[in-house]
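Please look at the sequence and the structure below, and keep both in view while you read. The paragraphs that follow lead from ring to ring and then from charge to charge.

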Amino acid sequence: QVQLVESGGGLAQPGGSLRLSCAASGNIYTIYVMGWYRQAPGKQRELVASITSGGIINYADSVEGRFTISRDNAKNTAALQMNSLKPEDTAVYFCNAEILSGIVRYRGLYWGQGTQVTVSS
């Protein structure tokens, strides 16, 4: 059973920083892509950033230059460093990963439970 667990959300002031972490566990064979999505109240879930196992990175235009995604392939973890936070960054942030797991090498898409990020003065 594969699980993704996020940590690191909370409250930050505009211009401040937060760091989110995501740890994948279970009978994992390989993780292809890890990413962060967010969903604000009344809005659709949107991609924030993603990173492949080879290090190819993609950012949403709204966070380019402010957020940095990273991953540790050996530890099956990913992180999202968020700087220069804005009130519009307020949302629930979800870790997402495409993982090959189990004896039968099942390839599936997994989500974490989400962590709240609030940017407010």
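How many aromatic pairs does a search of the whole structure find? In this predicted model, the search finds two aromatic pairs. A pair of aromatic rings is described by the distance of the centres and the angle of the planes. For Tyr37 and Trp111 the centres are 5.0 Å apart and the planes stand at 65° to each other, which makes the pair edge-to-face. This pair links distant parts of the chain, since Tyr37 belongs to strand β4 (residues 28-39) and Trp111 to strand β10 (residues 106-111), 74 residues apart. Tyr37 counts as partly exposed, because its relative accessibility is 23%, and Trp111 is also partly exposed, with a relative accessible area of 35%.

Trp111 takes part in another edge-to-face pair, with Phe94, in which the centres are 6.4 Å apart and the angle between the planes is 85°. Here too distant parts of the chain are linked, with Phe94 in strand β9 (residues 91-101) and Trp111 in strand β10, 17 residues apart. Phe94 has a relative accessible area of 10% and is therefore buried. Taken together, the ring pairs join Tyr37, Phe94 and Trp111 into a cluster.

Rings can also be followed to charged side chains. The charged end of Arg105 sits over the ring of Tyr29, 3.7 Å from the ring centre, while Arg107 lies over the face of Tyr32, at 3.7 Å from the centre of that ring. Tyr29 can also be compared in position with Ile103, from which it is 74 residues away in sequence, although their C-alpha atoms are 8.8 Å apart in space. Ile103 lies in the loop between β9 and β10 and counts as exposed, because its relative accessibility is 78%.

How many salt bridges does a search of the whole structure find? The search finds four, and one of them joins the side chains of Arg107 and Glu98 at 2.8 Å, N to O. Both of these residues are partly exposed, Arg107 with a relative accessible area of 46% and Glu98 with 24%. Salt bridges that share partners also join Arg38, Glu46, Arg66 and Asp89 into one network.

Arg66 and Asp89 meet at 2.8 Å, N to O. Because Arg66 lies in the loop between β6 (57-59) and β7 (67-72), and Asp89 in the loop between β8 (77-82) and β9, the pair ties together parts that are 23 residues apart in sequence. Both Arg66 and Asp89 are buried.

How values were computed
Residues are numbered from 1 along each chain as its sequence is written. This is a predicted model: local features need pLDDT of at least 70, side-chain atom pairs count only at pLDDT 80 or more; totals for chains, interfaces and linings use all residues. Side-chain values use heavy atoms; hydrogens and water are left out. Rings of Phe, Tyr and Trp (its six-membered ring) pair if their centres lie within 6.5 Å; planes under 30 degrees apart count as stacked, over 60 as edge-to-face and the rest as tilted. Helices (H or I, at least four residues) and strands (E, at least two) are DSSP runs, numbered from the N terminus. Buried means under 20% relative accessible area, exposed over 50%, partly exposed in between (1.4 Å probe, protein chains only). A charge sits over a ring if NZ of Lys or CZ of Arg is within 6 Å of the ring centre and within 35 degrees of the ring normal.
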